[in-house]
Amino acid sequence: MKNKPLVYLAFIILVLGGGLLIGANNIPDEWYRSLAKPIFTPPDWVFAPAWSLLYTIIGVVGARTWLTLRRSMAMRLWFAQLVFNFAWSPAFFGLRDPASAMIIILGLLISVAAFIIASWRQDRTAALLFVPYLAWVAFATALNAAILLLN
């Protein structure tokens with residue numbers, strides 16, 4: 001396909017741009033700062049660079065999957081994880097609802113793991129690129145659960 005670089009660019013812009021836009025509109029505020037948090041909560045400044053890198057990876061994986069497995073379960077799972085991902089911040093920070101956010105992040109965790117499984121045989125590179133994302137989402141799930149339990 002001659003437009004391959006444009007597909008990659010479009011996916012990276014969609015994911016990184018969408019993630020940054022959602023993040024900018026759901027910034028941790030006084031409510032978040034007032035919550036009891038677990039000892040393993042990273043400083044706020046860690047989240048923007050971590051998510052920027054992850055969003056770029058998610059965009060690259062989305063483009064790879066679109067170009068090779070467009071009508072596959074892996075592509076459907078890629079879109080599902082993006083919906084869950086983009087829904088979490090508005091639920092947690094916007095609605096100030098850690099319980100709903102917990103349900104969303106569990107859906108995210110499951111869809112990321114399912115993507116890795118679904119793409120493993122056909123595009124091992126895409127599957128492996130999602131492993132750090134799975135690890136970060138598992139960590140974020142533990143943070144969400146701890147905040148829910150402590151508050």
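## Helix H1 and its buried face

In this predicted model, the buried residues of helix H1 pack against H3 and H4. These buried residues of H1 are Val7, Phe11, Val15, Gly18, Gly19 and Ile22. When the helix is viewed down its axis, they fall within an arc of 95°, so they line one face of H1.

The face of H1 turned away from the buried side carries exposed residues, namely Pro5, Leu6, Ile13 and Leu21. As for its length, the 21 residues of H1 should span 30 Å at 1.5 Å a residue, and this agrees with the end C-alpha atoms, which are 30 Å apart.

## The largest pocket

The largest pocket has a volume of about 690 Å³. It is lined by 30 residues, of which Phe47, Trp51, Trp88, Ser89 and Phe93 are the closest to its centre. Two or more lining residues come from each of helix H1 (4-24), helix H3 (47-69), helix H4 (73-94), helix H5 (98-119) and helix H7 (131-150). By residue type, the lining of this pocket divides into 22 nonpolar, seven polar and one charged.

## Arg96, between two helices

Arg96 is placed in the loop between H4 and H5. Most residues other than glycine have a negative phi, yet Arg96, which is not a glycine, has a positive phi of about 55°. With a relative accessible area of 42%, Arg96 is partly exposed.

Notes: Residues numbered from 1 in each chain as written. Predicted model: local features only at pLDDT ≥ 70, side-chain atom pairs only at ≥ 80, totals over all residues. Heavy atoms only, no water. 1 Å grid on protein atoms, 1.4 Å probe; cavity = no way out; pocket = protein on both sides within 12 Å on 5 of 7 lines; lining within 4 Å. Points joined across faces, edges and corners; volume = space filled by probe spheres on them. Helix = DSSP H or I, 4+ residues; strand = E, 2+ residues; numbered from the N terminus. Nonpolar A, V, L, I, M, F, W, Y, C, P; charged D, E, K, R; others polar. Buried < 20%, exposed > 50% of the residue type's maximum accessible area, 1.4 Å probe, protein only. Expected span 1.5 Å × (residues − 1). Arc of directions from axis to C-beta. Contact = heavy atoms within 4.5 Å.
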